[in-house]
Amino acid sequence: MAGSDHGEAARVSLFGRIFLLNALVLVAAANVLVFGPATVSTPALLREVLVLTAGLGVMLIANAVLIRIGLAPLGRLTRAMTTIDLLKPGPRLVAKGHGEIAELITTFNSMIDRLEAERGHSAAMALSAQESERRRIAQELHDEVGQSLTAVLLSLKRVSDQSPPEVREELVQAQETTRSTLDEIRRIARRLRPGVLEELGLVSALKSLTTEISAQTDITVRRSFDKNLPPLDAETELVVYRVAQEGLTNTVRHAAATEIELCLKRRPSHVELRLTDNGRGIGSSPEGAGIRGMRERALLVGAELGVGPAGARGTEVRLVVKAASE
């Protein structure tokens with residue numbers, strides 16, 4: 001009930017200001033008619049009609065300007081509502097205006113803060129579950145499927161050694177197919193769970209990732225890593241690795257690029273990852289699930305992510321993360 005009374009008071013207050021603006025214009029017009037030299041004959045003369053029409057036009061214009069000024073904060077709020085993106089945090093609207101307009105903008109800012117916090121919490125839980133599932137699947141691929149294929153490979157080798165020459169060639173071919181499948185499963189397991197990241201650190205993991213891209217494609221990958229990088233916590237290292245992985249994957253699949261450059265630079269109390277290519281660029285196309293996934297990961301550790309054109313052509317992904325407290 002109290003909320004209803006508050007809302008009613010807000011509506012009356014806004015109504016009151018609009019009413020006062022109109023009343024001000026009408027009172028001014030009445031004073032002009034009463035105390036001014038102009039008169040109206042019966043019947044009205046053409047000159048008098050023109051004067052009244054001009055006065056009415058001035059009244060309408062003045063009324064429109066005053067109402068526009070009074071409701072300008074609502075226009076800013078409307079534009080913010082239509083353009084805001086929870087994955088791209090930005091400055092909040094300044095609570096300008098009188099009474100309930102300023103209160104409305106403040107309430108909107110509070111709502112956005114709450115939605116960003118809730119989305120961040122939900123994204124953190126979802127990504128944590130995703131990483132756990134990645135580890136489980138990678139472990140099963142390595143332990144179950146990998147061991148089974150290894151046993152099949154050894155059996156084929158034993159049978160091939162004991163088989164007659166006419167079928168040995170087919171068995172050797174089956175061995176090669178099984179070996180290729182085993183290598184592919186191991187590669188998938190490494191991408192699902194970057195063990196080198198946990199064992200050797202971020203730089204080694206990024207080197208392994210770029211080496212794999214170079215080996216599997218015709219793309220030239222140049223990499224540069226500053227020495228004595230500031231330390232990062234495990235969660236931040238994983239975010240940097242996943243952003244680089246997703247950026248490289250997008251470039252290979254969609255960019256039609258021939259060159260990629262990956263840099264990891266030291267900044268004061270920060271580390272910057274920069275990934276650029278010479279492909280076709282993203283143009284005006286909407287962001288896909290891959291880029292939005294990178295934004296969600298960046299938000300988890302309070303990082304700054306930028307995705308845009310790299311010069312005349314190509315795409316640049318830039319991620320800036322805070323260093324861990326020493």
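I take strands to be DSSP runs of E with at least two residues, numbered from the N terminus, and on that basis I place Asp277 in strand β3. The model I am reading is a predicted one.

**Entry 1, overall layout.** I first looked up the secondary structure of the protein chain, which comes to eight helices and five strands. Reading from the N terminus, I noted the order α-α-α-α-α-α-β-α-β-β-α-β-β. Of the 326 residues in the chain, 29% are buried. I also looked at contacts with a sequence separation of 6 or more, and found that 68% of them join residues 24 or more positions apart.

**Entry 2, the sheet.** I traced an open sheet of five strands with mixed pairing, in the order β1-β2-β3-β5-β4. Its edge strands are β1 (220-225) and β4, each of which pairs on one side only. On average, and with direction ignored, neighbouring strands of this sheet are turned by 10° against each other.

I then turned to β3, which spans residues 270-277 and is mostly covered, with six of its eight residues buried. With β2 (residues 259-267) it pairs in the antiparallel sense over eight bridges, and I found Leu262 standing opposite Leu275 of β3. The two strands form a hairpin with two residues between them, and Ser269 in that turn has a positive phi of about 65°. Towards β5 (residues 315-322), β3 again runs antiparallel, here joined by seven bridges, and the bridge partner of Leu275 in β5 is Val317.

I followed β5 on to β4 (residues 304-309), and the two run antiparallel with six bridges joining them. Two of the pairs I noted are Leu305 with Leu319 and Pro309 with Thr315. The hairpin made by β4 and β5 has five residues between the strands, and Gly311 in the turn shows a positive phi of about 75°.

Helix α8 (residues 289-300) lies across β4 and β5, and it runs at about 155° to β4.

I did find a polar contact of 3.4 Å joining the side chains of Asp277 and Thr251. Beyond its neighbours within four places in sequence, Asp277 is in contact with residues including Thr251, Ala255, Glu259, Arg313 and Thr315.

When I left aside its neighbours within four places in sequence, the residues in contact with Glu237 were Leu197, Leu202 and Leu232.

Methods
Residues are numbered from 1 along each chain as its sequence is written. This is a predicted model: local features need pLDDT of at least 70, side-chain atom pairs count only at pLDDT 80 or more; totals for chains, interfaces and linings use all residues. Side-chain values use heavy atoms; hydrogens and water are left out. Buried means under 20% relative accessible area, exposed over 50%, partly exposed in between (1.4 Å probe, protein chains only). Helices (H or I, at least four residues) and strands (E, at least two) are DSSP runs, numbered from the N terminus. Two strands pair if DSSP finds at least two bridges between them. A polar contact is a pair of N or O atoms within 3.5 Å; within protein, one must be able to donate a hydrogen and the other to accept it, and residues adjacent in sequence count only if both atoms are side-chain atoms. Contact means heavy atoms within 4.5 Å. Axes are lines fitted to C-alpha atoms, for helices over the stretch in contact, and angles run from 0 to 180 degrees between N-to-C directions.
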